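Dear colleague,

I am handing over the structure we spoke about, and below it you will find my notes on what turned up. Please read them alongside the coordinates.

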Amino acid sequence: MEAFPPRSKRPPKRYGMVPEAVPLGWRVPEGQKNLMALAMQPPLRCHPDAHSVPGAEGRPRAAAGRPVDEEVSSDSEPEIPSLGRRRREVAEDEVEETPQEKKLRLAKQYLEELRQYEEERAAEEEEEARPGDLIGDRLKEDVLEQKGRLQRLVAKEVQPPDPSSIRELRGHRLPVTCLVISPDDKFIFSASKDGSLIKWEVDSGKKLCVVPGGKKGTEEQNMGHASHVLCMAISSDGKYLATGDRNKLIMIWDAATCKRLHIFTGHRDAVSGLSFQKGTHQLYSASHDRCVKVWNVAENAYMETLFGHQDIITGLDSLSRECCVTSGGRDGTVRLWKIPEESQLVFCGHQGSIDCIQLINEEHMVSGADDGSVALWGLTKKKPLALARHAHGMQEAQGLQQPYWISAVAPLRNSDLLATGSHSGSVKLWKCGEGFRKLEPLCDIPLVGFVNSLKFSAAGDFLVAGLGQEHRLGRWWRIKEAKNSICIIPLKQRATAPSPAIPDSS
């Protein structure tokens, strides 16, 4: 594995909102408020030598006294005096409890919450199981998930969807470029090249909120984007929504009301990838300026900048660990960024520009490229574990046979089910073989246009595709018969019960 050394010899620091006293693999169940993370959240710290570290363009800034919708830049600024007083107050409050006592208290609190959650779920599903068994099974599952070795075998149970059951939602004038699903699977957020942002209700298909796009330079008056929106992300608690555009801006929204809260500036080119670290409000952003920036949305603060890619970055994703993965566009690399260590791992395998990347679990990821290939990766291997060339077939362009570009990939988290999109006229479903060492095609779902974004619901009962007449990043081709729309594809399982989750053998 090729690894770059740290940028400095100082000991690595941990930033953000990651709880350090939680035993490995433990997490509060999805959908509940993470009291542990709130209790253990340290005050945001400035790096002691921020100006001497390459890529550290500024200092974190506190949210205290900051008006809503204020612009936050990654350019240097003096530290706010009140931040130091807040640190001292927090430190004085923590003296009363030793670290060991705090760990014990939080562990007991977590187990009690877990017991209550599993009892409620068992009561709803009318299961006859002892609470102790439920807690034990859940803890085992959490440990496997944290290690990246949890693989739910659901791909073989998915039936090919009936084309007539696919729902089409229209509201954007120009191609849909990105979308996300709320953690509770009730809402869809989508954005477009026209700069608009729409919140949809999944059950009814109604528009709950529309933020129209404006003209360049009118972001302050119109509250919306004034250029192509290329990426978006939603925090795991469903509180914050982040969107990035071609005009170098990142906008932070209240997901419930679609009210804009902040604008983050600092990137020097189009913002092409966004992802929240799971369980926190730490945001990663990637750009065509070849760098990755780290932000703390809750504190309304810029944290640091990471360099390494040799060309534009086209995609980004992250899960619960304090790291993220990026697709390197034309430099043809996938990179894993280890934030605390300030180092990165480089993976090579595609022969073209890598347009999209998503994490399957904590140890495996999938990427797609304009050479038509789809690759499965393990974080311990430099080369792909599996590679499907010409995954969506070939097309004739200017008298030559060329593969259809892979414009979107989506995994059902911690499972063996994948979806890929292109402009070939269909979305493909795939099954990952044991150890993620094989890709088997399952079925084609007919959709006309460029599939610029794909997302599975958390429960895996539907897939959402964002379609457009043009590719998300350019205008190389135009499919006139395509509709700029959102498609909700229901996924039904066969009559047999799904296979249980098993540890991955890789």
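Throughout, a residue is called buried when its relative accessible area is under 20%, exposed when that value is over 50%, and partly exposed in between, with a 1.4 Å probe and protein chains only. This is a predicted model, in which local features need a pLDDT of at least 70 and side-chain atom pairs count only at pLDDT 80 or more, whereas totals for chains, interfaces and linings use all residues. Numbering runs from 1 along each chain as its sequence is written, and side-chain values use heavy atoms, with hydrogens and water left out.

Gln358 counts as buried because its relative accessible area is 13%. This residue is found in strand β21 (residues 354-359), where strands (E, at least two residues) and helices (H or I, at least four) are DSSP runs numbered from the N terminus. Leaving out residues up to four places away in sequence, Gln358 is in contact (heavy atoms within 4.5 Å) with Leu316, Asp317, Met365, Val366, Val409, Pro411 and Arg413.

As for the whole protein chain, it has five helices and 34 strands, and buried residues make up 56% of its 506 residues. Of the contacts with a separation of 6 or more, 56% are between residues 24 or more positions apart.

Next come the nonpolar cores, each a set of buried Ala, Val, Leu, Ile, Met, Phe, Trp, Tyr and Cys residues joined through side-chain atoms within 4.5 Å. The largest has 23 residues, and those with the most contacts inside it are Val427, Leu429, Leu447, Leu454, Phe456 and Leu463. Among the elements that give two or more residues to this core are β29 (426-432), β31 (450-456) and β32 (462-468). Apart from it lies another core, of 17 residues, including Val180, Phe189, Val229 and Leu241.

With best wishes
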